[in-house]
Structure formats: structure tokens, C-alpha cells
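Subject: Structure handover

Hello,

Here is the structure for you to look over. My notes follow below it.

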Amino acid sequence: MKGRKIKQKCGFGVKKIGYGKSLMPLTVAITGVLTAVIPVWVQAQSTDEPIQLETISVIASEIEPAITVPSLSEVKRTMRRVPGGANVIDSETYATGRASTVQDALGYSPGVFVQSRAGAEESRLSIRGSGIQRTFHLRGIKILQDGSRLNLADGGADFQAIEPLATRYIEVFRGGNALQYGSTMLGGAINFVTPTGYDAERFRARGEAGSFGYNRLMASSGGVHGSLDYFASVSRYSQDSFRDWAATDNWRMFSNAGYRITPDLETRFYLTYVKSDSQLPGNLTKAQLKSDPRQANAFSLFGRQKRDIDLIRVANRTVLKLGNSQQLEFSGFYSHKDLWHPIFQVLAQPTNDYGIGLRYINEMPIASYRNRFVLGFEPSWGNVMDNRFVNVRGNAGARTAKFDQHASSYVVYGENQFYLLPELSLIAGAQYTYTTRKQKDLFMAGGVDQSKSKSYQRFTPKAGLIYELNPDVQFFSNVSTSFEPPSFAELTSGPVQAPTFAKAQRAITFEVGSRGRLFNMAEWDVALYRAHVRNELLALVDPATSSPIGTANADKTVHQGIELGLDVELAKMLYLRQMYMFSDFKFDKDAAFGNNQLAGIPRHFYKAELTYRHADGYYIGPNVEWSPQKYYVDHANTLSADSYALLGFKIGKRSKSGFSWFAEARNLTDRKYAATTGVVENARGIDQAQFLPGDGRSFFAGLEYRM
């Protein structure tokens, strides 16, 4: 009962009883009431005349949490208004073990395929086959930090800008269910939400250490002082890594401060700083992976390939409540990033991105029927100075290119949820997007001007239904459309003298599913979807160097599958947590590939952990990750990654205050396997350097203190 105010009204005014973190103030108030009432009641029983009692009331009211950031419980309720695949991840669920990468944070989220490329932040992240060919520099999912876009203006995103330990919860909106954040992408959106002073610990310190030189330190603090609240965290993470030339070192600072201007108006400012240095070991052939998965790709090692980032980001979110049924929201952000990226050539790219967001929410009933209406506008802009040089052992040699790149996006969206019946609601929404890509060639290598300009626009509607069988069980269905213009790296292909512009990828997706809880023994989130994709963006990659050489649009493809999350209490204090994905992605009568499978993601993927949880916070149990079937590395379906199964174990204690600890083992059988792969057009059955080894047997431990 943090921040609870208790008042006693006795006819002579209002007396403040006090503030506290326990039930003591309420107990005192109730005791006072009973002390006043009981003697009068006894006297009334001994006389024939009625006695008029004074009006006595006890009023208890919670101090309202942050207006600008919904609480975890509120977000969970909000998810029930989404007519499709959507869930929220409490950071406490992954703080029970190593909490270092997006794989650690999102690994059990239904429908999310995420695998680390070298045991560090750089990962393969895909939802419903989004960006299926991109094993680097995420595309196809809108990544947000506290509701503001983290993606660059052309759609790419950096995992190094995410800190799982500085996150209170994570919102995952799969596919077309991310309309409320202005997302048009096939994969949807993921929002990482930072704690505020209202829900953060006064002090938190955590340390983790383990195999391959892994160590991680984090400290944070938060609090409320009158109308002002704050949160700040600093973390440092480094590891030598399982593979050669894969060391990582970074510092991160996340902070925010909110001010309650009036009871209905709050503004919050965010400041983020990230410095990340990552060596890139590259891909191996299958033969190399089986003989020595620790080795680095010779080409990557020779070129001292790296991805180093310096990022500073400022943002604001302001919310004004207009009574109990209406709300206005404003958000804005600016970020500056310096990228030093020696790969097949050296990329030196300073980037500036900025944007605003306006949203209006109205929950006033219509003719006594419940209704919720959302209207938003989100423009954003970005500029990249793309400098390229010959890679001389990781240093910049002669300049090869210089481009001034500008991207812009203007998004208008609206959605209405109308309750035809108390248990049945109809959702209809639409979005209009206009986006531009402009590149000016400032170097003109070989006398060829590679300046280019292209704009894309589309109207994307959606509709859905939610039926609530009871307060714990609901069913949903929807049909949605998506729209995804190419990034600068995918904008053109073919000869530089006459480049071919890529078309925007678009799709229509059908979805049905259910989520709910049964007798507090089982909780599920299941969705079945089928997306008909047109002009899917497929990157063309040089098999020898894994460097991009252009982009092609497939004619027609189909993405269909099952997303399942299922938690079951098997016996008292024994819990089974599971995530299963079936991903059937294929060409649809393609001229070159027929009905072949799209390469890059396993058709079946399963994760589970069986945990004994004691009431005192202790837990212990095994876990498994299973990819039971080979999957293809090339769209011609001539080269595949092998199936694998990994066994792990975890033990620890989690406490809301005081000390918590964990010890964890991963890949206990020391299995040699490919965590993920590159994607090529046609390997012609030849073993190529497209496999990214997963970590071998490893052990980690952590200690945390909270107050």
C-alpha cells in the first residue's frame, strides 16, 4: 500500500491520519470509528428513544501512479482489447537468470523468433517471417523505447540500444495488431518500457558473471518527491565470447524524470546514452562449425570486422486527461548515433533522427454502448551521412563513397472499438503512410552519380472481433494489411548506371486465436495466422563475403503459422512454461523457386522450462530449446541447417526486497549447433559460410540487492 492516504471524517472536518506502506493507518482509522460507534450503540440498546448517529465515513484513496506510463496491471488489461496476437512481458520473468540480451528477454514470448548471432546483443529477430533474410541490422519490426520509435527513419534498428535490466515490462504486438503505435510492418511492434519513480526500487544493484569472460554490473535508483518522480540506471556489460573475435564491451545509461503539473497533466523527459563496441566473428561453413565452432570467419578476422555505436537520445512524453473518458498524448524524440562499422568495407555513419507523436483517446459511450476511439499522427525524419572506405585491417583506407541520405515518414491512423454486446466488440481501423527515400551522391565514384529518390504511400485498413466467454477467457479474429518500404540498403539493385528500385512489400493477414486463464492452473495465448505477401523484400547476398549486393522483390509468398504460449501448474508449486512456433513460409508459384520454403527460420521451434517454485521465492528446474527439423539456408532449398536440442538448468531465489540470486547452466550437453544462419538465393548444394554457431556449454551466476 505504498503511498496510501487515509482520512477520517467525523463531522468536525477532515483529519489526516497519515501515510504509510502497511495497513497500520487503516487499522488505526477503523479502530477509531469502532471506538466512537460501539458506546453509542450499547446506549441505544438500553433506551426506548432512538438515537441519531453522526455520519462517519472512512475514505481510502491510492495516490495515482504515473499518468505518462501505464502500470503493468493496466497494460495487461489493455492487451485484452487487442483482437489478435499481443502480450506483455514482466521483467521479473527473465530476471530469474542471465538477463543480458533481447534473446534472454523475449525468448519465451509467443511468436517471437530471436537468436543471438554471437552470444551478444546482435541478434536475429523475426515475427511472422518479418525481415526473414536479414540476419543483421533488424528490419520488419517497429522497435520502441517508451512509446517512441528506436528504428532509424528508413526502418532499420540496433539491438545495442536496448537494456533488458532497465526495462519494467515489454509490450509485444504481433503483425497488424500494432496499429496503436503507427506500425505498418508485417512483424508488428515491440515496446520496451522503462521504470518510473512510482514503480522502481529506491536502490537496486545487480551483478552477473559467467563463462567466456562474461560480466555485467547494473545499478539503478528511483523515487517520488511530491509532484516529481525519477528513475536512473547505469550498466556495464562485457564478454570475451564463445567465439574468436567476438568480444563485446558496452556502457548504458537510461533515465527519466516526470513532473505532475496538475492532477490531470503530467510530462516526462527521457535521456539515454549508449556506448557499445562489438567484434563480429562472421559466418562459418557447416564443416567448420562441426570441427571448431569457436573459430572466426577468416574474412571477418582479416578485416577486423566490428560494429561500434555511440548513441545519445532525448525524448518527452506528455499526457493530459480530459475528464474520465478522454486523453491527449504528445511524444517527441531526437537521437544522434555515430556508427563505426568495418565489414566488407568501412562504414562511418553519423545519424540524426527525430519525430513527434500526437494521439487522442476517447472512451465515451455511444448511445449507452461502450466505445473506444483512438486517432493519431506520427511524422518522423532522419538523416544519414553514409561514408564508405576501403577496409584496411579494420581501418579506413581510400574513400569509396559518400552519400547524404534523408528519409521521412508521415503516418495518420485511427481505430475504433465498439461493443455490440457487453461480451462482443467490433474493432475497425486504418492507417495512411507516406514515406520518402532521398540519396545525394557527394563522391560519384567512377564518375557515376548514384543520387536517387523514391517515395512510397499506402492506405492500410484492418478489422477484428473480440468475444469474451467470461472474464478469464476470450476469442479473437482479425484481418489486417501491412506495408513496408525498403530501407536504404535495400532501395535498389542492378547496375549503378541504371538501378532498379525495389517495390514496397505489402500483405494481407488473416488471424484467429484465444487467450485466457483456466482455474488459475493454465494460462494460454494462441494465434493462427496466414499472410498473403506481395513483393516480399529478399536481400541478395554475396556467398563469399556475406555482403549485401542488392534486393529483389519476390512476386507472391505465403507466411502462415501457429504462435503458442502455454503456462501450466502441473502440481502444487510445479510449473511448466512453454512457447511453440510453427512457421510455414513459402513461395507461391514463383517463376524461379516454385513453392519452395523461404529460407532462414525453423518450421518448428519449441522452448520450455519446468520449475519448482517455493512460496519463499526459491526456484529450481530444467529447461529445453528444441529445433526438431532441418531448415533451409537458401531459397532454392539445396542447403540446410541441422536440427538440435539444448538442455539447461536454473536455480535461485527471487525476493521483492533484499537479496536475490541465481545460478544457471546452458547447453549442458555441449551441442555444436547453428543458432541461426545467413540466407542466400541459391547455394547449389555447396557448403557455404552461412552458419552462426551457438554458444557451447556455459555457466552463469548473479547476485542482486533491492530496497
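A term to start with: buried means under 20% relative accessible area, exposed over 50%, and partly exposed in between (1.4 Å probe, protein chains only). Helices (H or I, at least four residues) and strands (E, at least two) are DSSP runs, numbered from the N terminus.

This is a predicted model: local features need pLDDT of at least 70, side-chain atom pairs count only at pLDDT 80 or more, and totals for chains, interfaces and linings use all residues. Residues are numbered from 1 along each chain as its sequence is written, and side-chain values use heavy atoms, with hydrogens and water left out.

Strand S6 (residues 123-127) has 5 of its 5 residues buried, so S6 is largely enclosed by the rest of the structure. Both of its faces are covered. Ser123, Leu125 and Ile127 are on one side, Arg124 and Ser126 on the other. S6 pairs with strand S5 (residues 112-116) in the antiparallel sense, over 5 bridges. Two strands pair if DSSP finds at least two bridges between them. Ser126 is the bridge partner of Phe113.

The open sheet

An open sheet has 5 strands in the order S4-S9-S10-S7-S8, with mixed pairing. Its edge strands, S4 (86-90) and S8 (148-149), each pair on one side only. Strand S7 (residues 142-145) and S8 are antiparallel, over 2 bridges. There, Gln145 stands opposite Ser148.

The cavities

A cavity is a set of points, on a 1 Å grid over the protein atoms alone, where a 1.4 Å probe fits but cannot get out; lining residues have an atom within 4 Å of a point. Grid points are joined across faces, edges and corners, and a volume is the space filled by probe spheres set on the points. The count is 10 cavities of 30 Å³ or more.

Strand S21 (424-441) gives the largest share, 3 residues.

The second largest cavity holds about 210 Å³. Among its 21 lining residues, Gly147, Ser331, Gly357, Glu378 and Tyr413 are closest to the centre. S8 is one of the elements that give two or more residues to this lining.

Best regards

Terms used. On a 1 Å grid over the protein atoms alone, a cavity is a set of points where a 1.4 Å probe fits but cannot get out, and a pocket is an open set with protein on both sides within 12 Å along at least five of seven lines; lining residues have an atom within 4 Å of a point.
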